[in-house]
Amino acid sequence: MLEVRGVSAGYQGNDVVHDVSFNVDDGEAVMIIGSNGAGKTTLFRTMCGLLPSSAGEVSFQGNDLTGMATHQLVRLGLGFVPAERHLFPRMTVKEHLALGAYPSRPDSDTMNVVLDVFPRLAERRSQRAGTMSGGEQQMLAMARALMARPRLLVLDEPTTGLAPKLAHEAYEALDTMRREGLTILVAEQQVPLAMAFSDRGYVLEDGVISIEGTSEALAADPRVRSAYLGIA
Amino acid sequence: MTASILDGIVLGFQFGLLAAGLTLVYGLGGVLHLAYGQMAVISAMVVLYTLDAGVPVVPAVGIGLIAGGLLGLILDLTILRPVYRLQGEARVLLSLLLTLGVAFVVDGFLNWRYPLVGLSLHVGGGPVDLLGVPMRRGSLVASGITLASFLMLFGFLRGTALGRAVRSVIEDEEGARLVGIDPRRMLRIILVMSGLLAAIVAVTRSMVAPVTVTAGFSITVFALIVTVVGGLGSVSGALLAGIILGVVNSIAASYIGTFLSLIILLAAAALTIVLRPAGLLGVRE
(Lines give C-alpha, C1' and ligand atoms only; values in the text may rest on other atoms or scores of the structure.)
Protein backbone atom coordinates (compact mmCIF):
# COMPACT_ATOMS: atom_id res chain seq x y z
CA MET A 1 0.00 0.00 0.00
CA LEU A 2 2.77 2.43 0.99
CA GLU A 3 6.25 2.07 -0.41
CA VAL A 4 9.12 4.32 0.62
CA ARG A 5 12.32 3.82 -1.40
CA GLY A 6 15.66 5.42 -0.61
CA VAL A 7 14.28 8.64 0.84
CA SER A 8 16.73 11.24 2.11
CA ALA A 9 15.50 14.52 3.54
CA GLY A 10 16.28 17.29 5.97
CA TYR A 11 16.45 21.01 6.48
CA GLN A 12 18.44 23.53 4.43
CA GLY A 13 20.49 20.95 2.61
CA ASN A 14 21.48 19.05 5.77
CA ASP A 15 19.91 15.63 5.51
CA VAL A 16 18.52 14.24 8.74
CA VAL A 17 17.17 11.05 7.17
CA HIS A 18 19.42 9.01 4.88
CA ASP A 19 18.34 6.51 2.23
CA VAL A 20 15.36 5.15 4.17
CA SER A 21 13.24 2.38 2.66
CA PHE A 22 10.23 0.62 4.16
CA ASN A 23 6.77 -0.52 3.23
CA VAL A 24 3.33 -0.95 4.72
CA ASP A 25 0.93 -3.56 3.32
CA ASP A 26 -2.84 -3.42 3.24
CA GLY A 27 -4.34 -4.12 6.69
CA GLU A 28 -1.04 -4.01 8.58
CA ALA A 29 -0.10 -2.06 11.68
CA VAL A 30 3.52 -0.97 11.36
CA MET A 31 5.64 1.01 13.83
CA ILE A 32 8.77 3.05 13.42
CA ILE A 33 10.56 3.36 16.72
CA GLY A 34 13.50 5.51 17.60
CA SER A 35 14.70 7.96 20.18
CA ASN A 36 14.13 11.69 20.15
CA GLY A 37 15.94 13.25 17.17
CA ALA A 38 16.33 9.99 15.24
CA GLY A 39 14.45 11.52 12.27
CA LYS A 40 10.97 10.03 12.67
CA THR A 41 9.19 13.36 12.33
CA THR A 42 11.34 14.45 9.39
CA LEU A 43 10.63 11.16 7.65
CA PHE A 44 6.87 11.44 8.14
CA ARG A 45 6.69 15.11 7.19
CA THR A 46 8.58 14.35 3.98
CA MET A 47 6.27 11.45 3.19
CA CYS A 48 3.24 13.68 3.64
CA GLY A 49 4.48 16.49 1.39
CA LEU A 50 5.20 18.94 4.21
CA LEU A 51 8.95 18.84 3.56
CA PRO A 52 10.75 18.32 0.24
CA SER A 53 12.89 15.20 -0.11
CA SER A 54 16.42 15.37 -1.49
CA ALA A 55 16.33 11.81 -2.87
CA GLY A 56 14.12 8.76 -3.19
CA GLU A 57 10.46 8.21 -3.88
CA VAL A 58 7.24 7.48 -2.07
CA SER A 59 4.33 5.67 -3.64
CA PHE A 60 0.90 5.12 -2.18
CA GLN A 61 -1.58 2.73 -3.81
CA GLY A 62 0.27 3.06 -7.09
CA ASN A 63 0.41 6.89 -6.99
CA ASP A 64 3.79 8.58 -6.98
CA LEU A 65 3.64 11.05 -4.08
CA THR A 66 6.93 12.80 -4.81
CA GLY A 67 6.33 16.53 -5.09
CA MET A 68 2.63 16.23 -4.36
CA ALA A 69 1.02 18.77 -2.03
CA THR A 70 -0.29 17.62 1.34
CA HIS A 71 -3.90 18.53 0.59
CA GLN A 72 -3.80 16.26 -2.46
CA LEU A 73 -2.49 13.28 -0.48
CA VAL A 74 -5.38 13.56 1.93
CA ARG A 75 -7.81 13.18 -0.94
CA LEU A 76 -5.99 10.04 -2.11
CA GLY A 77 -6.72 8.41 1.26
CA LEU A 78 -3.61 9.12 3.29
CA GLY A 79 -4.45 10.62 6.68
CA PHE A 80 -1.71 12.18 8.81
CA VAL A 81 -1.87 13.06 12.52
CA PRO A 82 1.24 15.11 13.39
CA ALA A 83 2.80 15.14 16.85
CA GLU A 84 1.88 18.81 17.31
CA ARG A 85 -1.69 17.92 16.27
CA HIS A 86 -2.33 21.22 14.44
CA LEU A 87 -5.91 21.63 15.60
CA PHE A 88 -7.92 24.83 15.10
CA PRO A 89 -7.94 26.41 18.61
CA ARG A 90 -11.05 28.58 18.32
CA MET A 91 -13.17 26.01 16.48
CA THR A 92 -15.47 23.45 18.08
CA VAL A 93 -15.25 19.66 18.02
CA LYS A 94 -18.16 19.59 15.61
CA GLU A 95 -16.43 21.99 13.23
CA HIS A 96 -13.24 19.90 13.33
CA LEU A 97 -15.18 16.79 12.37
CA ALA A 98 -16.96 18.64 9.55
CA LEU A 99 -13.62 19.97 8.26
CA GLY A 100 -12.15 16.49 8.45
CA ALA A 101 -14.58 15.44 5.74
CA TYR A 102 -13.74 18.46 3.52
CA PRO A 103 -14.58 18.97 0.65
CA SER A 104 -17.45 16.46 1.02
CA ARG A 105 -20.26 17.00 3.47
CA PRO A 106 -19.65 15.07 6.69
CA ASP A 107 -21.83 11.97 6.40
CA SER A 108 -23.58 10.82 9.55
CA ASP A 109 -22.45 7.17 9.27
CA THR A 110 -18.77 8.10 9.41
CA MET A 111 -19.53 10.60 12.17
CA ASN A 112 -21.24 7.92 14.25
CA VAL A 113 -18.41 5.42 13.76
CA VAL A 114 -15.83 8.04 14.76
CA LEU A 115 -17.81 9.18 17.80
CA ASP A 116 -18.22 5.53 18.85
CA VAL A 117 -14.44 5.21 18.95
CA PHE A 118 -14.11 8.51 20.86
CA PRO A 119 -17.20 8.76 23.07
CA ARG A 120 -15.68 11.63 25.04
CA LEU A 121 -15.76 13.83 21.94
CA ALA A 122 -19.48 13.16 21.53
CA GLU A 123 -20.08 14.72 24.95
CA ARG A 124 -18.04 17.78 23.98
CA ARG A 125 -19.34 18.57 20.53
CA SER A 126 -19.58 22.32 21.16
CA GLN A 127 -16.31 22.73 23.04
CA ARG A 128 -13.47 24.66 21.40
CA ALA A 129 -10.28 22.71 20.75
CA GLY A 130 -8.11 25.32 22.48
CA THR A 131 -9.85 24.67 25.81
CA MET A 132 -9.45 20.88 25.76
CA SER A 133 -6.89 18.77 27.62
CA GLY A 134 -3.93 17.17 25.85
CA GLY A 135 -5.58 13.77 25.78
CA GLU A 136 -8.80 15.13 24.33
CA GLN A 137 -6.85 17.09 21.73
CA GLN A 138 -5.08 13.93 20.63
CA MET A 139 -8.44 12.15 20.31
CA LEU A 140 -9.78 15.08 18.30
CA ALA A 141 -6.76 15.08 15.97
CA MET A 142 -7.30 11.36 15.28
CA ALA A 143 -11.06 11.80 14.88
CA ARG A 144 -10.55 14.68 12.43
CA ALA A 145 -8.23 12.53 10.30
CA LEU A 146 -10.72 9.63 10.37
CA MET A 147 -13.56 11.79 9.05
CA ALA A 148 -11.86 11.78 5.63
CA ARG A 149 -12.22 7.94 5.59
CA PRO A 150 -8.51 7.35 4.97
CA ARG A 151 -7.14 4.01 3.74
CA LEU A 152 -3.89 4.55 5.64
CA LEU A 153 -3.55 6.53 8.86
CA VAL A 154 -0.07 7.83 9.69
CA LEU A 155 0.48 8.99 13.27
CA ASP A 156 3.56 10.76 14.58
CA GLU A 157 4.02 10.03 18.30
CA PRO A 158 0.35 9.98 19.26
CA THR A 159 1.26 9.71 22.96
CA THR A 160 3.32 12.94 23.13
CA GLY A 161 2.51 14.77 26.34
CA LEU A 162 -0.08 12.25 27.48
CA ALA A 163 -0.31 10.65 30.92
CA PRO A 164 0.18 6.83 30.83
CA LYS A 165 -3.55 6.16 31.18
CA LEU A 166 -4.40 8.45 28.26
CA ALA A 167 -1.57 7.01 26.16
CA HIS A 168 -3.14 3.62 26.74
CA GLU A 169 -6.54 4.95 25.69
CA ALA A 170 -5.07 6.38 22.49
CA TYR A 171 -3.72 2.94 21.57
CA GLU A 172 -7.00 1.29 22.46
CA ALA A 173 -8.71 3.64 20.01
CA LEU A 174 -6.11 2.75 17.36
CA ASP A 175 -6.79 -0.92 18.01
CA THR A 176 -10.51 -0.40 17.48
CA MET A 177 -9.88 1.38 14.18
CA ARG A 178 -7.57 -1.39 13.09
CA ARG A 179 -10.25 -3.98 13.63
CA GLU A 180 -12.47 -1.87 11.34
CA GLY A 181 -9.92 -2.52 8.60
CA LEU A 182 -7.75 0.60 8.72
CA THR A 183 -4.05 0.30 7.86
CA ILE A 184 -1.88 2.13 10.39
CA LEU A 185 1.69 3.43 10.45
CA VAL A 186 2.87 4.90 13.73
CA ALA A 187 6.10 6.50 14.91
CA GLU A 188 6.66 6.10 18.63
CA GLN A 189 9.10 6.73 21.46
CA GLN A 190 6.97 4.84 23.98
CA VAL A 191 8.11 1.56 22.52
CA PRO A 192 6.24 -0.98 24.71
CA LEU A 193 2.85 0.47 23.75
CA ALA A 194 3.62 0.51 20.03
CA MET A 195 5.14 -2.95 20.19
CA ALA A 196 2.03 -4.50 21.74
CA PHE A 197 -0.07 -2.87 19.04
CA SER A 198 1.83 -3.44 15.80
CA ASP A 199 2.58 -6.43 13.55
CA ARG A 200 5.96 -5.26 12.31
CA GLY A 201 8.43 -2.53 12.98
CA TYR A 202 11.54 -0.64 11.98
CA VAL A 203 14.13 0.94 14.25
CA LEU A 204 15.32 4.36 13.08
CA GLU A 205 18.67 5.44 14.50
CA ASP A 206 20.44 8.67 13.44
CA GLY A 207 18.29 8.84 10.30
CA VAL A 208 19.03 5.29 9.15
CA ILE A 209 16.94 2.13 9.52
CA SER A 210 19.13 -0.16 11.60
CA ILE A 211 16.87 -3.08 12.49
CA GLU A 212 13.60 -4.39 11.10
CA GLY A 213 11.34 -7.34 11.79
CA THR A 214 8.11 -8.55 13.30
CA SER A 215 7.17 -7.04 16.65
CA GLU A 216 7.94 -10.34 18.40
CA ALA A 217 11.38 -10.55 16.80
CA LEU A 218 12.12 -6.94 17.74
CA ALA A 219 10.95 -7.52 21.31
CA ALA A 220 13.40 -10.40 21.54
CA ASP A 221 16.32 -8.53 19.92
CA PRO A 222 18.93 -7.70 22.60
CA ARG A 223 19.77 -4.32 20.97
CA VAL A 224 16.11 -3.25 21.06
CA ARG A 225 15.67 -4.59 24.57
CA SER A 226 18.53 -2.58 26.01
CA ALA A 227 18.03 0.63 24.02
CA TYR A 228 14.22 0.92 23.92
CA LEU A 229 12.69 -1.41 26.44
CA GLY A 230 15.07 -0.71 29.30
CA ILE A 231 15.85 -4.41 29.78
CA ALA A 232 19.53 -5.32 30.12
CA MET B 1 -23.21 64.28 22.16
CA THR B 2 -25.85 61.80 20.92
CA ALA B 3 -25.37 63.15 17.42
CA SER B 4 -21.60 62.62 17.58
CA ILE B 5 -22.04 59.09 18.87
CA LEU B 6 -24.55 58.21 16.14
CA ASP B 7 -22.27 59.71 13.47
CA GLY B 8 -19.42 57.75 15.01
CA ILE B 9 -21.36 54.50 14.78
CA VAL B 10 -22.17 55.15 11.10
CA LEU B 11 -18.47 55.72 10.46
CA GLY B 12 -17.58 52.78 12.70
CA PHE B 13 -19.54 50.27 10.62
CA GLN B 14 -17.58 51.40 7.58
CA PHE B 15 -14.26 51.30 9.46
CA GLY B 16 -15.16 47.80 10.60
CA LEU B 17 -16.02 46.48 7.15
CA LEU B 18 -12.88 48.07 5.75
CA ALA B 19 -10.75 46.37 8.40
CA ALA B 20 -12.54 43.04 7.91
CA GLY B 21 -11.11 42.74 4.39
CA LEU B 22 -7.60 43.62 5.49
CA THR B 23 -7.66 41.40 8.55
CA LEU B 24 -8.84 38.36 6.56
CA VAL B 25 -6.11 38.77 3.94
CA TYR B 26 -3.45 39.14 6.63
CA GLY B 27 -4.80 36.45 8.94
CA LEU B 28 -5.14 33.95 6.11
CA GLY B 29 -2.06 34.52 4.03
CA GLY B 30 0.31 36.76 5.97
CA VAL B 31 -0.13 39.31 3.18
CA LEU B 32 -0.15 42.95 4.24
CA HIS B 33 -2.27 44.56 1.56
CA LEU B 34 -1.31 48.25 1.35
CA ALA B 35 -3.09 48.89 -1.96
CA TYR B 36 -6.37 48.22 -0.20
CA GLY B 37 -7.56 51.86 -0.20
CA GLN B 38 -6.70 52.15 -3.90
CA MET B 39 -8.96 49.19 -4.61
CA ALA B 40 -11.78 51.13 -2.95
CA VAL B 41 -10.95 54.28 -4.92
CA ILE B 42 -10.79 52.49 -8.28
CA SER B 43 -14.17 50.87 -7.57
CA ALA B 44 -15.59 54.32 -6.75
CA MET B 45 -14.21 55.69 -10.03
CA VAL B 46 -15.75 52.78 -11.94
CA VAL B 47 -19.14 53.61 -10.40
CA LEU B 48 -18.67 57.31 -11.20
CA TYR B 49 -17.84 56.78 -14.88
CA THR B 50 -20.52 54.11 -15.31
CA LEU B 51 -23.05 56.64 -13.96
CA ASP B 52 -21.67 59.30 -16.32
CA ALA B 53 -22.23 56.91 -19.21
CA GLY B 54 -25.94 56.99 -18.36
CA VAL B 55 -26.25 53.68 -16.51
CA PRO B 56 -28.79 53.80 -13.63
CA VAL B 57 -27.41 53.84 -10.13
CA VAL B 58 -28.13 50.26 -8.99
CA PRO B 59 -26.46 48.50 -11.97
CA ALA B 60 -23.64 51.07 -11.81
CA VAL B 61 -22.97 50.15 -8.19
CA GLY B 62 -23.14 46.47 -9.17
CA ILE B 63 -20.47 47.04 -11.84
CA GLY B 64 -18.36 48.86 -9.22
CA LEU B 65 -18.57 45.87 -6.87
CA ILE B 66 -17.60 43.47 -9.66
CA ALA B 67 -14.65 45.74 -10.44
CA GLY B 68 -13.56 45.55 -6.78
CA GLY B 69 -13.66 41.75 -6.81
CA LEU B 70 -11.79 41.62 -10.14
CA LEU B 71 -9.05 43.88 -8.75
CA GLY B 72 -8.54 41.40 -5.92
CA LEU B 73 -8.31 38.54 -8.40
CA ILE B 74 -5.84 40.43 -10.61
CA LEU B 75 -3.60 41.17 -7.61
CA ASP B 76 -3.70 37.52 -6.61
CA LEU B 77 -2.78 36.33 -10.11
CA THR B 78 -0.01 38.86 -10.77
CA ILE B 79 1.85 40.80 -8.12
CA LEU B 80 1.22 38.35 -5.27
CA ARG B 81 2.60 35.31 -7.11
CA PRO B 82 6.21 35.81 -5.97
CA VAL B 83 4.92 36.67 -2.49
CA TYR B 84 3.31 33.26 -2.06
CA ARG B 85 6.62 31.53 -2.66
CA LEU B 86 7.98 33.02 0.56
CA GLN B 87 7.03 32.13 4.12
CA GLY B 88 6.62 34.01 7.38
CA GLU B 89 8.23 37.41 7.85
CA ALA B 90 9.73 37.52 4.36
CA ARG B 91 6.26 37.10 2.92
CA VAL B 92 4.83 39.95 5.00
CA LEU B 93 7.68 42.25 3.98
CA LEU B 94 7.56 41.48 0.25
CA SER B 95 3.77 41.83 0.18
CA LEU B 96 4.09 45.16 1.97
CA LEU B 97 6.63 46.47 -0.57
CA LEU B 98 4.86 45.21 -3.69
CA THR B 99 1.37 46.36 -2.70
CA LEU B 100 2.81 49.73 -1.64
CA GLY B 101 4.28 49.96 -5.13
CA VAL B 102 0.88 49.21 -6.65
CA ALA B 103 -0.66 51.87 -4.40
CA PHE B 104 1.84 54.51 -5.58
CA VAL B 105 1.32 53.65 -9.25
CA VAL B 106 -2.48 53.73 -8.93
CA ASP B 107 -2.43 56.97 -6.94
CA GLY B 108 -0.06 58.61 -9.40
CA PHE B 109 -2.10 57.54 -12.39
CA LEU B 110 -5.42 58.66 -10.91
CA ASN B 111 -4.02 62.03 -9.84
CA TRP B 112 -2.54 62.65 -13.25
CA ARG B 113 -5.43 61.42 -15.34
CA TYR B 114 -8.46 62.21 -13.15
CA PRO B 115 -7.49 65.02 -10.76
CA LEU B 116 -10.14 66.53 -8.47
CA VAL B 117 -12.67 63.82 -9.26
CA GLY B 118 -14.80 62.30 -6.52
CA LEU B 119 -17.83 60.06 -6.16
CA SER B 120 -20.85 61.32 -4.22
CA LEU B 121 -24.06 59.32 -4.23
CA HIS B 122 -27.08 61.34 -3.15
CA VAL B 123 -29.78 59.51 -1.28
CA GLY B 124 -33.00 61.54 -1.67
CA GLY B 125 -35.46 62.57 1.02
CA GLY B 126 -35.22 64.66 4.15
CA PRO B 127 -33.53 63.78 7.42
CA VAL B 128 -34.94 60.99 9.59
CA ASP B 129 -35.36 61.45 13.34
CA LEU B 130 -33.31 58.92 15.37
CA LEU B 131 -33.16 59.28 19.19
CA GLY B 132 -34.00 62.97 18.76
CA VAL B 133 -31.19 63.53 16.27
CA PRO B 134 -32.02 64.35 12.66
CA MET B 135 -29.97 61.79 10.67
CA ARG B 136 -29.29 62.13 6.97
CA ARG B 137 -30.99 59.46 4.95
CA GLY B 138 -27.67 58.68 3.22
CA SER B 139 -26.06 57.81 6.54
CA LEU B 140 -28.86 55.41 7.40
CA VAL B 141 -28.90 53.70 4.00
CA ALA B 142 -25.09 53.42 4.13
CA SER B 143 -25.23 51.86 7.60
CA GLY B 144 -27.97 49.47 6.53
CA ILE B 145 -25.90 48.24 3.58
CA THR B 146 -22.75 47.98 5.70
CA LEU B 147 -24.50 46.01 8.43
CA ALA B 148 -26.14 43.71 5.89
CA SER B 149 -22.69 43.10 4.35
CA PHE B 150 -21.34 42.23 7.79
CA LEU B 151 -24.17 39.78 8.39
CA MET B 152 -23.49 38.15 5.03
CA LEU B 153 -19.78 37.94 5.82
CA PHE B 154 -20.49 36.32 9.19
CA GLY B 155 -23.00 33.98 7.58
CA PHE B 156 -20.41 32.93 5.00
CA LEU B 157 -17.64 32.35 7.57
CA ARG B 158 -19.80 30.61 10.19
CA GLY B 159 -22.45 28.86 8.17
CA THR B 160 -20.88 27.52 4.98
CA ALA B 161 -18.36 24.74 4.38
CA LEU B 162 -16.18 27.11 2.35
CA GLY B 163 -16.28 29.73 5.12
CA ARG B 164 -15.30 27.10 7.65
CA ALA B 165 -12.37 26.14 5.42
CA VAL B 166 -11.30 29.79 5.24
CA ARG B 167 -11.36 30.06 9.05
CA SER B 168 -9.41 26.84 9.46
CA VAL B 169 -6.54 28.30 7.41
CA ILE B 170 -6.50 31.37 9.70
CA GLU B 171 -6.46 29.09 12.75
CA ASP B 172 -3.73 26.67 11.59
CA GLU B 173 -2.50 26.51 8.02
CA GLU B 174 -0.84 23.12 8.39
CA GLY B 175 -3.93 21.71 10.06
CA ALA B 176 -5.96 22.96 7.09
CA ARG B 177 -3.62 21.22 4.62
CA LEU B 178 -4.02 18.01 6.61
CA VAL B 179 -7.78 17.98 6.07
CA GLY B 180 -7.36 18.48 2.33
CA ILE B 181 -7.69 22.26 2.03
CA ASP B 182 -5.49 24.15 -0.41
CA PRO B 183 -4.58 27.38 1.45
CA ARG B 184 -3.58 29.06 -1.81
CA ARG B 185 -7.12 28.68 -3.18
CA MET B 186 -8.66 30.04 0.04
CA LEU B 187 -6.38 33.09 -0.20
CA ARG B 188 -7.58 33.75 -3.75
CA ILE B 189 -11.20 33.64 -2.61
CA ILE B 190 -10.42 36.00 0.27
CA LEU B 191 -8.60 38.47 -1.99
CA VAL B 192 -11.63 38.66 -4.26
CA MET B 193 -13.81 39.17 -1.18
CA SER B 194 -11.55 41.91 0.16
CA GLY B 195 -11.88 43.76 -3.15
CA LEU B 196 -15.63 43.41 -2.90
CA LEU B 197 -15.61 44.74 0.68
CA ALA B 198 -13.42 47.70 -0.33
CA ALA B 199 -15.90 48.51 -3.11
CA ILE B 200 -18.86 48.30 -0.71
CA VAL B 201 -17.12 50.68 1.68
CA ALA B 202 -16.35 53.09 -1.18
CA VAL B 203 -19.98 53.11 -2.31
CA THR B 204 -21.48 53.48 1.19
CA ARG B 205 -18.90 56.11 2.16
CA SER B 206 -19.85 58.14 -0.90
CA MET B 207 -23.41 58.38 0.46
CA VAL B 208 -22.06 60.30 3.48
CA ALA B 209 -19.06 62.20 2.09
CA PRO B 210 -17.33 62.35 -1.31
CA VAL B 211 -14.76 59.63 -2.06
CA THR B 212 -12.00 61.43 -3.97
CA VAL B 213 -9.19 60.00 -6.11
CA THR B 214 -6.69 60.93 -3.39
CA ALA B 215 -8.50 59.01 -0.62
CA GLY B 216 -6.63 55.72 -1.14
CA PHE B 217 -3.88 56.04 1.44
CA SER B 218 -6.07 57.45 4.19
CA ILE B 219 -8.52 54.56 3.67
CA THR B 220 -5.64 52.07 4.00
CA VAL B 221 -4.32 53.82 7.12
CA PHE B 222 -7.74 53.79 8.81
CA ALA B 223 -8.19 50.13 7.90
CA LEU B 224 -4.75 49.30 9.32
CA ILE B 225 -5.42 51.06 12.63
CA VAL B 226 -8.78 49.33 13.05
CA THR B 227 -7.27 45.96 12.06
CA VAL B 228 -4.51 46.23 14.63
CA VAL B 229 -6.91 47.28 17.39
CA GLY B 230 -9.43 44.55 16.52
CA GLY B 231 -6.85 41.78 16.40
CA LEU B 232 -5.30 40.35 13.22
CA GLY B 233 -7.47 37.66 11.71
CA SER B 234 -10.62 38.48 13.68
CA VAL B 235 -13.67 39.74 11.77
CA SER B 236 -15.77 40.33 14.89
CA GLY B 237 -12.77 42.17 16.37
CA ALA B 238 -12.74 44.39 13.27
CA LEU B 239 -16.41 45.28 13.76
CA LEU B 240 -15.97 46.01 17.48
CA ALA B 241 -12.81 48.08 16.94
CA GLY B 242 -14.46 49.88 14.01
CA ILE B 243 -17.40 51.02 16.14
CA ILE B 244 -15.20 52.06 19.10
CA LEU B 245 -12.74 53.99 16.93
CA GLY B 246 -15.55 55.48 14.84
CA VAL B 247 -17.15 56.94 17.97
CA VAL B 248 -13.76 58.10 19.34
CA ASN B 249 -13.00 59.75 16.00
CA SER B 250 -16.36 61.48 15.75
CA ILE B 251 -16.37 62.78 19.35
CA ALA B 252 -12.76 63.96 19.00
CA ALA B 253 -13.60 65.71 15.74
CA SER B 254 -16.57 67.63 17.14
CA TYR B 255 -15.19 68.51 20.59
CA ILE B 256 -11.47 68.88 19.97
CA GLY B 257 -11.05 69.37 16.24
CA THR B 258 -10.65 67.32 13.10
CA PHE B 259 -6.93 68.10 12.91
CA LEU B 260 -6.36 66.15 16.13
CA SER B 261 -8.78 63.29 15.56
CA LEU B 262 -6.29 61.11 13.67
CA ILE B 263 -3.72 61.57 16.44
CA ILE B 264 -6.31 60.64 19.08
CA LEU B 265 -7.26 57.62 16.98
CA LEU B 266 -3.62 56.53 16.86
CA ALA B 267 -3.28 57.07 20.61
CA ALA B 268 -6.34 54.89 21.22
CA ALA B 269 -4.81 52.20 18.98
CA ALA B 270 -1.44 52.41 20.77
CA LEU B 271 -3.16 52.14 24.15
CA THR B 272 -5.01 49.00 23.03
CA ILE B 273 -1.79 47.40 21.87
CA VAL B 274 -0.10 48.16 25.19
CA LEU B 275 -3.00 46.68 27.17
CA ARG B 276 -3.82 43.79 24.82
CA PRO B 277 -0.94 43.02 22.44
CA ALA B 278 -3.05 40.64 20.32
CA GLY B 279 -5.80 43.26 19.83
CA LEU B 280 -9.33 43.23 21.25
CA LEU B 281 -10.35 39.82 19.91
CA GLY B 282 -7.08 38.57 18.42
CA VAL B 283 -5.55 35.15 19.02
CA ARG B 284 -2.59 34.99 21.36
CA GLU B 285 0.25 33.15 19.70
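This is a predicted model: local features need pLDDT of at least 70, side-chain atom pairs count only at pLDDT 80 or more; totals for chains, interfaces and linings use all residues.

**Where the chains meet**

I began with the contact between the chains, which takes 16 residues from chain B and 20 residues from chain A. Contact here is taken as C-beta atoms, placed from the backbone, within 7 Å. On the chain B side, helix 7 (161-171) and helix 8 (173-178) each supply at least two residues. Helix 7 of chain B gives the largest share of that side, six residues. Sorted by class, the side of chain B that touches chain A has six nonpolar, three polar and seven charged residues. For that count, Ala, Val, Leu, Ile, Met, Phe, Trp, Tyr, Cys and Pro are nonpolar, Asp, Glu, Lys and Arg are charged, and the others, Gly among them, are polar.

Residues are numbered from 1 along each chain as its sequence is written, while chains are lettered from A and ligands numbered from 1 in the order in which they are written.

**Chain A overall**

The C-alpha trace of chain A spans about 45 × 40 × 30 Å along its principal axes. I checked the radius of gyration too: a compact globule of 232 residues would come out near 17 Å, and chain A has 17 Å, so the two agree. That radius is taken over C-alpha atoms, and the globule rule is 2.2 Å times the number of residues to the power 0.38. Of the contacts in chain A with a separation of 6 or more, 66% join residues 24 or more positions apart. Buried residues make up 43% of the 232 in chain A (buried means 20 or more other C-beta atoms within 10 Å of the residue's own, exposed 12 or fewer, partly exposed in between, with C-beta atoms placed from the backbone).

**The sheet in chain A**

Next I traced the open sheet of six strands in chain A, which has the order 6-7-8-3-9-10 and mixed pairing. Two strands pair if DSSP finds at least two bridges between them. Its edge strands are strand 6 (78-81) and strand 10 (208-214), each pairing on one side only. Neighbouring strands are turned by 15° against each other on average, direction ignored.

Strand 7 (152-156) and strand 8 (183-188) are parallel, with five bridges between them; A:Leu153 is partnered with A:Ile184 and A:Asp156 with A:Ala187. Strand 6 also runs parallel to strand 7, over four bridges, and there A:Phe80 stands opposite A:Val154.

Which residues of strand 7 of chain A point one way, and which the other? A:Leu152, A:Val154 and A:Asp156 go one way, A:Leu153 and A:Leu155 the other, and all are buried.

Helix 1 (40-47) of chain A lies across strand 3 (29-33), strand 7, strand 8 and strand 9 (200-205), at about 145° to strand 7. Axes are lines fitted to C-alpha atoms, for helices over the stretch in contact, and angles run from 0 to 180 degrees between N-to-C directions.

Most residues other than glycine have a negative phi, and most peptide bonds are trans. I noted these exceptions.

- The peptide bond from A:Tyr102 to A:Pro103 is cis, with omega near 0°. A:Pro103 sits in the loop between helix 3 (93-100) and helix 4 (108-117) of chain A.
- A:Asp206 has a positive phi of about 50°, in the loop between strand 9 and strand 10 of chain A. It is partly exposed, with 13 other C-beta atoms within 10 Å.
- B:Leu131 has a positive phi of about 50° as well, in the loop between strand 2 (128-130) and strand 3 (133-135) of chain B. B:Leu131 counts as exposed because it has 9 C-beta neighbours inside 10 Å.

B:Ser4 lies in helix 1 (2-29) of chain B. B:Ser4 and B:Ile251 are 247 residues apart in sequence, yet 5.5 Å apart in space, C-alpha to C-alpha.

Definitions and conventions:
Two residues are in contact if their C-beta atoms, placed from the backbone, lie within 7 Å.
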